[in-house]
Amino acid sequence: MRIPLTQGSLYFGEVRVRLNAAALADAAGYLVASALAVLGIGVGVAVWLLLGWGRHVGARLARLEHAAQGLARGDFSQRAGGDDLGRDEIGQLGRVFDEMAARIGRTVDQLVVSESRVSAILQCRSATGWWPPTRRCG
């Protein structure tokens, strides 16, 4: 193959190039193998990163699930540790869960106190027969 060397209208000569088909095929094979190796390494790194990220997210969601199960059992001291869950949506969900659990705990405590007061009033009425309750029993 002859390749002319020119610049504008000036002719400087020509270069003769011989292509060896076997060498060209070897170079193409090496290029394809290198590209596949780089692609394989890239995919491997991506899978490794995704698995690590998935475990991280899974562990944070498991903490939320554990806290929710405790709350469902009536343990109002359960907290997800929202501040430790991160600054993303999962962390925000944990912080909201912790606020909700605290409010539910305070509400239940207030209900227990109110129930005790009502129970004491009803027991006093039952024992003394007075109504309306204008004086305290005992």
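Which side-chain oxygen reaches to within 3.0 Å of the backbone nitrogen of alanine 22 at the start of H1? The oxygen belongs to asparagine 20. This is a predicted model. A search of the whole structure finds 2 salt bridges, and the largest nonpolar core has 9 residues. The points below take the helices, the core, the loop and the strands in turn.

**Helix H1**

- H1 has 52 residues, and the distance from its first C-alpha to its last is 74 Å. That span is close to the 76 Å expected at 1.5 Å a residue.
- The buried residues of H1 are Val57, Arg60, Leu64, Ala67, Gly70 and Leu71.
- An α-helix has 3.6 residues a turn, so residues three or four places apart point the same way.
- Just after H1, glycine 74 has a positive phi of about 100°.

**Nonpolar core**

- The largest nonpolar core is made up of Val57, Leu64, Ala67, Leu71, Ala80, Leu85, Ile90, Phe97 and Ala101.
- Helix H1 (21-72) and helix H2 (89-128) each supply at least two residues of this core. H1 gives the most, with 4 residues.
- Alanine 80, one of the core residues, touches Arg63, Leu64, Ala67, Leu85, Gly94, Phe97 and Asp98, not counting residues up to four places away in sequence.

**Loop between H1 and H2**

- Glutamine 78 is placed in the loop between H1 and H2. With a relative accessibility of 14%, glutamine 78 counts as buried, because the cut-off for buried is under 20%.
- The side chain of glutamine 78 makes a polar contact with the side chain of aspartate 75, at 3.0 Å.
- Leaving aside neighbours within four places in sequence, glutamine 78 is in contact with His66, Ala67, Gly70, Leu71, Phe97 and Ala101. Among these contacts, Ala67, Leu71, Phe97 and Ala101 are also listed in the largest nonpolar core.

**Salt bridge between aspartate 88 and arginine 60**

- Aspartate 88 forms a salt bridge with arginine 60, and their closest N and O atoms are 2.6 Å apart.
- Aspartate 88 lies in the loop between H1 and H2 and arginine 60 in helix H1, so the pair ties together parts that are 28 residues apart in sequence.
- Aspartate 88 is partly exposed, with a relative accessible area of 29%, whereas arginine 60 counts as buried at 7% relative accessibility.

**Salt bridge between arginine 2 and glutamate 14**

- Side chains of opposite charge can pair when their charged atoms come close.
- The side chains of arginine 2 and glutamate 14 meet in a salt bridge, at 3.5 Å from N to O.
- Arginine 2 lies in strand S1 (residues 2-7) and glutamate 14 in strand S2, so this pair ties together parts that are 12 residues apart in sequence.
- Arginine 2 is exposed, with a relative accessible area of 54%, and glutamate 14 is partly exposed, with a relative accessible area of 36%.

**Glycine 13 in strand S2**

- Glycine 13 is found in strand S2 (residues 10-16). Glycine 13 is buried, with a relative accessible area of 13%.
- Apart from its neighbours within four places in sequence, glycine 13 is in contact with Ile3, Pro4 and Leu5.
- The C-alpha atoms of glycine 13 and leucine 111 are separated by 101 Å. These two residues are 98 residues apart along the chain.

Note on methods
Residues numbered from 1 in each chain as written. Predicted model: local features only at pLDDT ≥ 70, side-chain atom pairs only at ≥ 80, totals over all residues. Heavy atoms only, no water. Buried < 20%, exposed > 50% of the residue type's maximum accessible area, 1.4 Å probe, protein only. Contact = heavy atoms within 4.5 Å. Core = buried A, V, L, I, M, F, W, Y, C linked by side-chain atoms within 4.5 Å. Salt bridge = Lys/Arg side-chain N within 4 Å of Asp/Glu carboxyl O. Expected span 1.5 Å × (residues − 1). Polar contact = N/O pair within 3.5 Å; in protein donor to acceptor, adjacent residues only side chain to side chain.
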